[in-house]
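Thanks for coming. I have one structure to show today, and I will keep to two parts of it.

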Amino acid sequence: MSVSALDIRVQKTENSRISELHPDNIHFGKQYSDHMLVARYEDGEWHQAEIVPFDNLSLSPATTFMHYGQAIFEGVKAYKDPQGNPIVFRPRDNWKRMNRSAVRMAMPEVPEELFIDGIARLIDIDRDWIPDQDGTSLYIRPFMIATDEFIGVRPAEKFLFIIITSPAGPYYSKPVSIYVQDEFVRAFPGGIGFTKAAGNYGMSMYPTQQIRKMGYDQILWTDGFEHKYVQEIGTMNVFFVIGDKVITPDLKQDVILEGVTRDSVITLLREKGIIVEERLISIEEIEVAAKAGQLKEAFGTGTAASIAPISTLTYHDDKMELPPVEQWEITNWLKEELANIRYGRKADTHGWIYKV
Ligand code: COI
C-alpha cells in the first residue's frame with residue numbers, strides 16, 4: 001500500500017503522550033494515540049483530509065447527529081508483525097461495511113483511499129502506539145457523524161469522517177456469561193440490524209443494564225417476531241459447536257452484523273474441513289443440544305472481542321453451563337490460528353493482512 005496516494009495534510013503534535021503508554025497496563029478503549037484523522041463532507045463532496053493532534057471537537061449543540069443519531073462507525077485492528085512493522089487486519093472489509101451502513105443511514109460513502117490510506121497514514125505516524133504483547137493491538141475506530149446545525153428532521157448534508165486509534169488489551173478478560181433476551185428486540189428485517197449505526201448500540205444500553213444487574217455479562221438477542229431464533233450478542237456475532245458441526249446465524253434477513261471476524265472464522269473452519277452451517281438456529285435447538293451433552297463450545301466473534309468463549313447461556317430458568325474452556329478444541333485452535341495470522345507469524349494466504 002502506498003501511504004501517500006491520498007493528499008492528507010499532516011500537523012504533528014508537539015506534546016506526544018507516548019510516555020503514558022505502559023505495556024503492562026493496556027485496557028480496552030481508555031487511551032488514545034497522539035493523532036486523529038478528520039475529513040469534512042460538504043457541498044456534495046469530501047474535502048481534504050487532515051491528520052491533527054488528538055483533541056476535542058467543537059460542535060454546535062444543534063448538530064444533527066446528537067439529536068437524531070445519524071452516526072455510524074467501524075472497528076479495525078493494527079498489530080505489529082515479528083519484525084516490528086505495523087500491519088492492519090482486513091481494513092477493506094471494514095471499508096465496504098462502513099459504506100453499507102452509510103447508504104442505509106443516508107450518509108455519503110467514504111472513498112476507499114480516504115478510509116484505507118487514511119488508516120495507513122495515521123498508523124504510520126502513530127506506529128509507536130501499537131502494543132506488541134500477545135493479546136494486544138491498536139484498535140482503530142473510524143466513524144462518521146452528521147453535522148448540519150439544524151433541529152428539523154431531514155437527512156443531513158454535512159458530515160465529519162474521523163479516525164481515532166486506541167491501544168487495546170482484551171475486551172473480555174474471562175469467558176462471558178450470556179442472557180438470552182426475549183423481551184427486548186435488536187433488529188427486524190428492513191431495519192438497521194446489519195449496520196454499525198450508533199443507534200444499534202444506544203438501544204442496547206437499557207436491556208444490557210438490566211441483565212448486568214442480574215449478574216450476566218452480555219445479551220444474546222433473539223428475533224422480534226417469535227423470540228425463537230438467536231441473532232447476535234451485544235458486542236459480537238455468535239457461534240455454537242454442536243456435536244461436530246459449527247452453527248452460526250445466517251445473514252439472509254439483514255438483521256445481523258456481517259462481522260469481519262465472523263467471516264474469518266468461517267473461512268478458517270471450512271479450510272480445516274469442519275462443517276459450518278450458516279442458518280436459523282433456535283434457542284430450543286441449543287437447549288436440546290445442551291441437555292444431550294452435545295453443546296460442546298460456544299463463542300462470540302468481533303474485532304474488539306476477537307474470539308470470546310461463552311461460559312454460560314441462560315434462557316429463562318435454564319442455565320446452560322459449557323464445559324471448561326481448556327477442553328475446547330475448535331475455539332482454542334481458532335484463537336491461535338487467527339492470532340498467528342493477525343500478528344504476521346503465519347503466511348497470509350487469504351490476502352487479509354495489509355502492510356503499512
Ligand atoms: C468491534 O468489535 O469493533 C465493535 O465495534 C464492537 C463494539 C461494541 C466494541
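I start with I242, whose bridge partner in β14 is K245. Helices (H or I, at least four residues) and strands (E, at least two) are DSSP runs here, numbered from the N terminus. Before going on: this is a predicted model, where local features need pLDDT of at least 70 and side-chain atom pairs count only at pLDDT 80 or more, while totals for chains, interfaces and linings use all residues. Residues are numbered from 1 along each chain as its sequence is written, and side-chain values use heavy atoms, with hydrogens and water left out.

I242 belongs to β13, residues 237-242. Two strands pair if DSSP finds at least two bridges between them. β13 pairs with β14, residues 245-248, in the antiparallel sense over three bridges. The hairpin of these strands has two residues between them, and G243 takes a positive phi near 60 degrees there. β13 also pairs with β16, residues 295-302, again antiparallel, over six bridges. In β16, I242 has L295 as its bridge partner.

Is β13 covered or open? Mostly covered: six of its six residues are buried. Buried means under 20% relative accessible area, exposed over 50%, and partly exposed in between, with a 1.4 Å probe and protein chains only. N237, F239 and V241 point one way, V238, F240 and I242 the other. In a regular strand the side chains alternate between the two faces of the sheet.

F184 counts as partly exposed because its relative accessibility is 25%. Leaving out residues up to four places away in sequence, F184 touches Y206, P207, W221 and H227, where contact means heavy atoms within 4.5 Å. F184 and G224 are 40 residues apart in sequence, and 7.9 Å apart in space, C-alpha to C-alpha.
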